[in-house]
Amino acid sequence: MVVPAVLRTLEAVPGLRVVVSDRDPDLEDFPDLAADFDIVIAQAISGERNWVRRGLRITQLLSEPLDVVLPVGHRLSGQTVLTPADLADESWIGVPVGYPLDRLLRSIEAESGGELRVVQRVSDNRIAEAMVAAGLGIGLLPRYTASGPERGIVLRPLAGLDATRRIVALSRPDRAERLAVRTVLDAIRVEAQSVAASHTAPEPEELTTPRWV
């Protein structure tokens, strides 16, 4: 969501060429990538891991809530907020073991007092949405990038846990001072703030009939 808009903005900057590369989201050692890239966009479910102690310039970009995603018409969709106890008996569409969202799922499990039933594990959010919409289970998705009732799902905030992913930009201090790097980072920060400002907490939907996709 942020990256395409940033690239469009930076197309107007004379002489600036931006090349984007992606890495698996379960990669633990994001700081090492700063040796090869001017800016590393990293995420964590809680805290900054070991980033502070690595001597990198850290720019806070976004704090994005992680919501529970339900199929339209689900018995819990009428609640404005959900707790781990509400979710104990549900089937889940999870992510691969070791991914940040899987660690949050384990926290829900610990708080609910029972073992969660994960029926499928996929790394693609759109596939996860489709599985939830088809009634195969519930899941967790970042609020700002998830779909909505038009795709057969609804989102509800999760209470009782720090259900937030924090997105930061990491750079080596020497590279962070370069004009090109500062220009790109400023564009990323502005777009991230715009995304956060355009979203509010999800409200209960009037829809009561599942709309499978």
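User: Which residues of helix α3 are buried?
Analyst: In this predicted model, the buried ones in α3, which spans residues 125-133, are Ala128, Glu129, Met131, Val132 and Ala133.

User: And what do those buried residues pack against?
Analyst: Five strands: β2 (57-71), β3 (91-94), β4 (117-121), β5 (139-142) and β6 (153-156).

User: What caps the N-terminal end of α3?
Analyst: That's aspartate 124, with a side-chain oxygen 2.9 Å from the backbone nitrogen of arginine 126. Just after the helix, glycine 135 has a positive phi of about 85°.

User: Switching topic: how many cavities of 30 Å³ or more are there?
Analyst: The search of the whole structure turns up one, and the largest cavity holds about 130 Å³ of space.

User: Which elements give two or more residues to its lining?
Analyst: Those are β3, α2 (100-112), α3 and β5. The lining has 17 residues, and Ile93, Gly94, Val95, Leu101 and Leu140 lie nearest the centre of the cavity.

User: How does that lining divide by residue type?
Analyst: Eleven nonpolar, four polar and two charged.

User: OK, now the largest nonpolar core. Which members touch the most others?
Analyst: Among its 21 residues, they are Val68, Leu70, Leu87, Trp92, Leu104, Ile108 and Leu140. Both β2 and α2 give two or more residues to this core, with the largest share, four residues, coming from α2.

User: What does tryptophan 92 touch?
Analyst: Leaving out residues up to four places away in sequence, its contacts include Leu87, Leu105, Ile108, Val118, Ile138 and Leu140. There is also a second, separate core of 16 residues, with Val6, Leu61, Ile167 and Ile188 among them.

Methods: Residues are numbered from 1 along each chain as its sequence is written. This is a predicted model: local features need pLDDT of at least 70, side-chain atom pairs count only at pLDDT 80 or more; totals for chains, interfaces and linings use all residues. Side-chain values use heavy atoms; hydrogens and water are left out. Buried means under 20% relative accessible area, exposed over 50%, partly exposed in between (1.4 Å probe, protein chains only). Contact means heavy atoms within 4.5 Å. A polar contact is a pair of N or O atoms within 3.5 Å; within protein, one must be able to donate a hydrogen and the other to accept it, and residues adjacent in sequence count only if both atoms are side-chain atoms. On a 1 Å grid over the protein atoms alone, a cavity is a set of points where a 1.4 Å probe fits but cannot get out, and a pocket is an open set with protein on both sides within 12 Å along at least five of seven lines; lining residues have an atom within 4 Å of a point. Grid points are joined across faces, edges and corners, and a volume is the space filled by probe spheres set on the points. Ala, Val, Leu, Ile, Met, Phe, Trp, Tyr, Cys and Pro count as nonpolar, Asp, Glu, Lys and Arg as charged, and the others, Gly among them, as polar. A nonpolar core is a set of buried Ala, Val, Leu, Ile, Met, Phe, Trp, Tyr and Cys residues joined through side-chain atoms within 4.5 Å.
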